[in-house]
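Please look at the sequence and the 3D structure below, and keep both in view while reading the paragraphs that follow.

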Amino acid sequence: MTQSRKSLEKYQDILIKLSKDIWEYAEIRFETKKSADAMQDILEKEGFDVERDVADLKHAFVARYGQGKVKVGLLAEYDALEGMSQKALAYEPIKDLDRMHGHGCGHNLLGVGSLGAALALKDYIDQHPGEMQVILYGTPAEESGYGKAFMAREGLFKDLD
């Protein structure tokens, strides 16, 4: 079994719970406080240096691990779509009156997948100190609001390899 697979299996329960939590939060645009906080809390617990509310954006973050010259960046999206009813295991649209927003594009999976990749790279860095740095960018408002554009304008991605 590869080292990256072992790392992902090690974090499997955390990642599954996080994905389910973000699914339930179904927060839109710049209103992603619970989703961003949940991701940031995990990253801090795992030893990442987390900078919150970057680029004058609430719920955007940059999480860094490692000291190497090579810098690898990953994007983590976690916003939902407004007015997208989400009923799990429904094969045709079913209006969910308890929920006004939903994850039609799977950001509850995409963002968590990126976080999982960052954790796997963290384990690699721990075994190969000084080789690289992993940077996870928490990007709110991907669906509408252009959060990544504001982050790029502030130069957050400029030092990546």
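Predicted model: local features only at pLDDT ≥ 70, side-chain atom pairs only at ≥ 80, totals over all residues.

Tyr137 and Phe157 form an aromatic pair of the edge-to-face kind, with 4.7 Å from centre to centre and 70° between the planes. The pair links distant parts of the chain, for Tyr137 belongs to strand β6 whereas Phe157 lies in the segment after α5 (147-153), and the two residues are 20 apart.

How many aromatic pairs are there by this rule? The count comes to two. In the other one, the rings of Phe48 and Tyr65 have their centres 5.2 Å apart and their planes at 45°, so this pair is described as tilted. Phe48 is found in the loop between α3 and β1, while Tyr65 is part of strand β2, so the pair ties together parts of the chain that are 17 residues apart in sequence. Both Phe48 and Tyr65 are buried.

The strands just named lead to the sheet. Strands of a sheet pair through backbone hydrogen bonds, and the pairing may be parallel or antiparallel. Here, four strands form an open sheet in the order β1-β2-β6-β3, and the pairing is mixed. β1 (49-52) and β3 (70-77) stand at the edges with a single partner strand each, so one side of each is left without a neighbour in the sheet. From one strand to the next, the twist averages 15°. β1 pairs with strand β2 (residues 61-65) in the antiparallel sense over four bridges, and within this pairing the bridge partner of Glu51 is Val62 in β2.

Next come the helices. Helix α3 (residues 33-45) lies across β1, β2, β3 and β6 (132-139), and α3 runs at about 155° to β1. Two packed helices are described by the angle between their axes and the distance between the axes. For helix α2 (residues 12-25) and α3, the axes come within 9 Å and cross at roughly 165°, which means that α2 is roughly antiparallel to α3. The crossing of these two helices, α2 and α3, is right-handed. On the α2 side the contact is made by Ile14, Leu18, Ile22 and Tyr25, and on the α3 side by Lys34, Ser35, Ala38, Met39 and Ile42.

Key. Residues numbered from 1 in each chain as written. Heavy atoms only, no water. Pairing = 2+ DSSP bridges. Axes fitted to C-alpha atoms, helices over the stretch in contact; angles between N-to-C directions. Contact = heavy atoms within 4.5 Å. Phe/Tyr/Trp six-rings, centres within 6.5 Å; stacked < 30°, edge-to-face > 60°. Buried < 20%, exposed > 50% of the residue type's maximum accessible area, 1.4 Å probe, protein only. Parallel < 35°, antiparallel > 145°, perpendicular 65-115°, else oblique. Left-handed = near helix turned anticlockwise from the far one by under 90°.
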